Amino acid sequence: MAENGEGRSIWALKEVAGLLAVFAAQKVARIGWRRVTGKEPPASPDDQRIPLGQAVAWTLLLGAGVTTARMIAIRYASNLLPRRQREAAGQAKSRLHEQHS
């Protein structure tokens, strides 16, 4: 859910941005795989008929692409927030940490 001191609207914005980034990264990875290999990417990397090297390569490519795209999107979404919202969220987080210390 939302991080401590982070409002629901901020959390929702970051999650939506991350989700859109995941879909975009998957699409880009599939297109890139087709261009490089000339084949469709593995539909299910755990399928025993797919060579292990191909399954590992696809999994690494997709995992790294999705994780990186999501991280960048969430950071960018955080920067889009008005400065006052970011400051208020930071202050609330600081107060929460002080209460628990």
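Reader: Before we start, what does "exposed" mean for a residue here?

Author: A residue is called exposed when its relative accessible area is over 50%, buried when that area is under 20%, and partly exposed in between. Please bear in mind that this is a predicted model.

Reader: Then is tyrosine 76 buried or exposed?

Author: Tyrosine 76 counts as exposed, because its relative accessibility is 55%. Tyrosine 76 belongs to helix H2.

Reader: How far is tyrosine 76 from glycine 18 in space?

Author: Their C-alpha atoms are 9.9 Å apart, although 58 residues separate the two in sequence.

Reader: Let us step back. How many helices and strands does the chain have?

Author: There are three helices and zero strands, giving the pattern α-α-α along the sequence. Of the 101 residues, 22% count as buried.

Reader: How do H1 and H2 pack?

Author: Helix H1, residues 8-37, packs with H2 at an angle of about 145°, and the axes are 7 Å apart. Their crossing is right-handed.

Reader: Which kinds of residue make up that contact?

Author: The contact of H1 with H2 comprises 16 nonpolar, five polar and four charged residues.

Reader: On to charges. How many salt bridges does the structure hold?

Author: It holds three. One of them joins the side chains of arginine 70 and glutamate 15, at 3.3 Å from N to O. This pair links distant parts of the chain, since arginine 70 lies in helix H2 and glutamate 15 in helix H1, 55 residues apart.

Reader: Why does arginine 70 count as partly exposed?

Author: Its relative accessibility is 32%, and that value falls between the limits of 20% and 50%. Glutamate 15 is also partly exposed, with a relative accessible area of 31%.

Reader: Which residue pairs with glutamate 40?

Author: Glutamate 40 forms a salt bridge with arginine 34, and their closest N and O atoms are 2.9 Å apart. Glutamate 40 is exposed because its relative accessibility is 51%, whereas arginine 34, at 35%, is partly exposed.

Reader: And what meets aspartate 47?

Author: The side chain of arginine 49 does, in a salt bridge of 2.9 Å, N to O. Aspartate 47 is partly exposed at 24% relative accessibility, while arginine 49 is exposed at 73%.

Reader: One last topic: which residues make the nonpolar surface patch?

Author: Leu52, Val56 and Leu60 make this patch, with an area of about 320 Å². Leucine 60 sits in helix H2, which covers residues 52-80. At 58% relative accessibility, leucine 60 counts as exposed.

Terms used. Residues numbered from 1 in each chain as written. Predicted model: local features only at pLDDT ≥ 70, side-chain atom pairs only at ≥ 80, totals over all residues. Heavy atoms only, no water. Patch = residues over 30% accessible without salt bridge, like charges linked within 9 Å, V, L, I, M, F, W, Y side chains within 5 Å. Areas by Shrake-Rupley, 256 points an atom, 1.4 Å probe, with all protein chains shown as cover. Salt bridge = Lys/Arg side-chain N within 4 Å of Asp/Glu carboxyl O. Helix = DSSP H or I, 4+ residues; strand = E, 2+ residues; numbered from the N terminus. Buried < 20%, exposed > 50% of the residue type's maximum accessible area, 1.4 Å probe, protein only. Axes fitted to C-alpha atoms, helices over the stretch in contact; angles between N-to-C directions. Left-handed = near helix turned anticlockwise from the far one by under 90°. Nonpolar A, V, L, I, M, F, W, Y, C, P; charged D, E, K, R; others polar.
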